[in-house]
Amino acid sequence: MAKYPSHLSHLIAFLKKFPGVGARTAERFAFHMLEWPEDHLKHLADLAATLKEKVKHCDICGCLKEKEQCAFCEGARDRAALCVISSPKDAYAIEETRFFHGLYHVLGGLLSPLDGRTPDHLSLQRLKDRIASNQVTEVIVALESTIEGDATALYLKEQLSKLGVKISRLALGLPMGSPLEYIDGGTLSRALSGRQLL
Ligand SMILES: [Zn+2]
């Protein structure tokens, strides 16, 4: 069986690193790219090469930023409400509901002791500092309904309950095991409005 030219094989190997992309899809993408005009390919390569330099994590909340501060931290937002999310992408899903107008805090993952993800992998101290120094009155825990999400929510409750803030979690009824980004806006809005005290 003839092999692909090695340059193409390397490209396919990279494309396979995307979530949900198997060998067949990666091959299809790579062959498709062969038909792109040269300037498209250069533009894509340039976007990828400068991605980490242009898009950084906000030092305050962990969301994505292009300037000194992220659009959330620098905007006119309700600073007494903090929404705890596991990844920066979740902020965009919540923004789409137009229900929440507070600030975000990216935890950077979920607790999963079996995979070695212990509390010191989460940005917990920064969360506590923000709550204490910004007169936060409500923390909304917006984590997915999985074993890891539930364990992390309980741990947060335990850790934050001494700080005198109201802690609520997105209403049950979120599809079990579904990442926030895959939940439709209507369901997410209902989960936010029906949030329950932890
Ligand atoms: Zn920020």
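Trainee: How many disulfides does the structure hold?

Mentor: The model is a predicted one, and a disulfide requires a pair of cysteine sulfur atoms within 2.5 Å. C83 is in no disulfide, as the nearest cysteine sulfur, that of C63, is 9.2 Å away. For the structure, the number of disulfides is zero.

Trainee: Is C83 buried or exposed?

Mentor: A residue counts as buried when its relative accessible area is under 20%. C83 has 0% relative accessibility, and therefore counts as buried.

Trainee: Which residues are the protein donors of the zinc ion?

Mentor: A donor must lie within 2.8 Å of the metal. The SG atoms concerned lie 2.3 Å from the zinc ion. In sequence, the donor residues are spaced C-x2-C-x8-C-x2-C. Among them, C61 and C70 are both buried. The protein donors are C58, C61, C70 and C73.

Trainee: What is the arrangement of the four donor atoms around the zinc ion?

Mentor: Four donors count as tetrahedral if all angles lie between 85 and 135 degrees. Here the donor atoms subtend angles of 101 to 114 degrees, so the arrangement is tetrahedral.

Trainee: Where does α3 bend?

Mentor: Helix α3 covers residues 38–54, 17 residues in number. From first C-alpha to last, α3 reaches 23 Å, close to the 24 Å expected at 1.5 Å a residue. The bend in α3 is about 30 degrees, and its position is A48.

Notes:
Residues are numbered from 1 along each chain as its sequence is written. This is a predicted model: local features need pLDDT of at least 70, side-chain atom pairs count only at pLDDT 80 or more; totals for chains, interfaces and linings use all residues. Side-chain values use heavy atoms; hydrogens and water are left out. Helices (H or I, at least four residues) and strands (E, at least two) are DSSP runs, numbered from the N terminus. The expected span of a helix is 1.5 Å times one less than its number of residues. The bend at a residue is the angle between axes fitted to the seven residues ending there and the seven starting there. Buried means under 20% relative accessible area, exposed over 50%, partly exposed in between (1.4 Å probe, protein chains only). Donors are N, O and S atoms within 2.8 Å of the metal (3.2 Å for Na, K and Ca); water is not among the atoms, so sites may look incomplete. Four donors count as tetrahedral if all angles lie between 85 and 135 degrees; four count as square planar and six as octahedral if opposite donors are over 155 degrees apart and all others between 65 and 115; anything else is irregular.
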